[in-house]
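Okay, everyone, thanks for coming. Let's have a look at today's structure together.

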Amino acid sequence: MFTLKSAYQPTGDQPQAISSLVDGVKRGVKDQVLLGVTGSGKTYTMANVIRDTNLPTLIISHNKTLAAQLYQEMRDFFPDAGVSYFVSYYDFYQPEAYVPSSDTYIEKEADINDKIDKLRLQATTNIMTRKDVIVVASVSCIYNIGDPKEYNKYELPIFKGLESSWSQIAEKLVAMQYERSEYEFRRGTFRVRGMDLDIYPAYEDIGYRVSFFGDHVTGISAFDPVSGKTTNSAPQAIGKAGIVIYPAKHYLLDRERFLGAEGAIRADLEREYKALQGKGKVVEAQRLLQRTNYDLEAMKELGYVNGIENYSRYFDGRVPGERPFCLPDYFREAYGDNWLTIIDESHMTIPQIRGMYHGDQARKRTLIDYGFRLESAIDNRPLKFDEFYGIPPRFIYVSATPDSWELEQAGKNVIEQLVRPTGIIDPKIEIRPANPTAPSDNRGGQIKDVIEEIRKRADKGQRTLVTTLTKKTAEDLTSYLKEQGIRASYLHSDIKTLERTDILDALRKNEFDALIGVNLLREGLDLPEVTLVAILDADREGFLRSRVSLIQTMGRAARNIEGEVILYADAVTDSMSAAIEEIARRRKYQLTYNTKHGITPRTIEKPVREKVVEGDAEGLPWNTIDTVETGKALKLDAAALTPHDREKWVKRLERDMRRLAGDLNFEAAIAVRDKLRELKEGTLQG
């Protein structure tokens, strides 16, 4: 089923890692860990495991950007397989909320990205129709998307000789949330042309023309929706079996299910209405009555209403408190226990999955208490962690620094991949006092010492990363370094996405010598020019100085053969000791491998990307496009704009945001989204 296409062959300790993981999967081991250092080819190992186990696979990443990278890599490895991408499909999302202190109701607002919506629907369609499936998802895959059994009931097979009129098929398409559109033929619509019915599936880029004679289907052909030309490149082979059309939305509601649930909804409405009145909440009770009755009438007439997922408990037949259905349920429905789940960067992804439930519940509880939603809304939620953990039959946790939970679950099934093909070794580590008190020690404190080290490397054209514990410290230290004649900049979460990218590029281009930051220096930074990572106050136990964080931070110096790490500390904590021991072990392992195979380590070579800095944004790739106009927009002072100008910029940025997200460039899209929010808030205040 899975054919892996690559110019490479497994090397280093990849073969033994692949073999061990495949063996564990075939033996039915529930939890395995792939402990792979950065640069060891973990993604390629994952692809080989998928190929050798021949199992449909769900890969979960902790953010959209990393998920997009994995999706593109897996699509390159498996061009003939059903590789899909499943992340939150909102370009802009403001969840429904209520702020009691100011009596402010915030209505749900969402701009849905058409391309990502297609990819989500393509993912579930692939799961239901084929076995060579890989879905790369963000943690949003644990949110409610409806019962897969109900989704599967709506498949619409169409084949030559089918006894049906175009109107009967059109009626079924409407029930599957397709719209009739005679003028704008887009995904999720159909139209009638004489004796032909054109269907544009919500999950494909191809249209299908179904021809009729009387009450029989006489032919089916595929065509390009833009040019109208017939094509042979349709995803579905049109043979005797014809085609199968799947729904245009994940959450569907047929009239029969609605009628079965309406009585229960109205009974709960009456009970909760009386309960609010009994507490003296007359306004809240009336609000609940009006909103719920409106939703019920809309669902009865249209089969859909914004916020329909808040009633999903009734339609799914779930009891109060029972978990909703999510993407892993589709895998279980289609494949039983014959599928695999890979958790990428598990030390980040697992905690994120754990925390999603509680944040959602607090917001929903306020809406319920103030009469905006029925109690059933509390069950439209992300899964609790134990609910999620109970669905997949087997896990592989992938990380350079797996946390204690994954290691405990895996037990002996921890497979290591410590060899880098470049031969580069982990950095040397030195501990120096943060605040020396001995009279004989004339080096001064950690700040004086780190300044000397930065200057040494700057003289050789090398760069330094310095990690602090707080944003304020990062800013103050940067100012002080500049006063000492050192070219420095700081980086933390208050810096906009595009500015962050510019700062990193400037560091690589030798426009400054030292970058000061907090936890943003831990992951995702590939800076071969950095030869020193200095960790200030390394003995302050906590999240930023835990074993996992320290190992990740030290790894920033593992791109250059001259890489070093200095820990400034007045005591050696357990986290420091464990991190140093682990880095030393990995260093020794790579050195032994290099000696055995005659490998000379070499610094990673990575060109600095070039940005488009002028020209029209339309049609240009934004590798963080910084066009003149869009660059201006991101620096606009919303308070200084006239209403007309503000409206103009909002329209422009909405267009750019959708295009960026459609290109899977989420970091740039987020920067634009944040500016949009600022401009829209200015409109409301004005």
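What you see is a predicted model, where local features need pLDDT of at least 70, side-chain atom pairs count only at pLDDT 80 or more, and totals for chains, interfaces and linings use all residues. Residues are numbered from 1 along each chain as its sequence is written, and side-chain values use heavy atoms, with hydrogens and water left out.

So, helices H17 (residues 547–554) and H18 (residues 574–597): their axes come within 8 Å and cross at roughly 45°. H17 and H18 are therefore oblique to each other.

Who touches whom? Contact means heavy atoms within 4.5 Å. From H17 we have Arg547, Leu550, Ile551 and Met554, and they meet H18 residues including Met576, Ile580 and Arg586. Sorted by class, that contact has 8 nonpolar, 1 polar and 3 charged residues.

Now the aromatics. Rings of Phe, Tyr and Trp (its six-membered ring) pair if their centres lie within 6.5 Å, and planes under 30 degrees apart count as stacked, over 60 as edge-to-face, the rest as tilted. The structure holds 21 such pairs. In one of them, tyrosine 151 and tyrosine 246 are stacked, 6.2 Å centre to centre with 25° between the planes. Tyrosine 151 sits in helix H5 and tyrosine 246 in the loop between strand E15 and helix H7, so the pair ties together parts 95 residues apart in sequence.

Last one: Phe385, Phe388, Tyr389, Phe395, Tyr397 and Trp405 form one aromatic cluster.

How values were computed
Axes are lines fitted to C-alpha atoms, for helices over the stretch in contact, and angles run from 0 to 180 degrees between N-to-C directions. Helices (H or I, at least four residues) and strands (E, at least two) are DSSP runs, numbered from the N terminus. Angles under 35 degrees count as roughly parallel, over 145 as roughly antiparallel, 65 to 115 as roughly perpendicular and the rest as oblique. Ala, Val, Leu, Ile, Met, Phe, Trp, Tyr, Cys and Pro count as nonpolar, Asp, Glu, Lys and Arg as charged, and the others, Gly among them, as polar.
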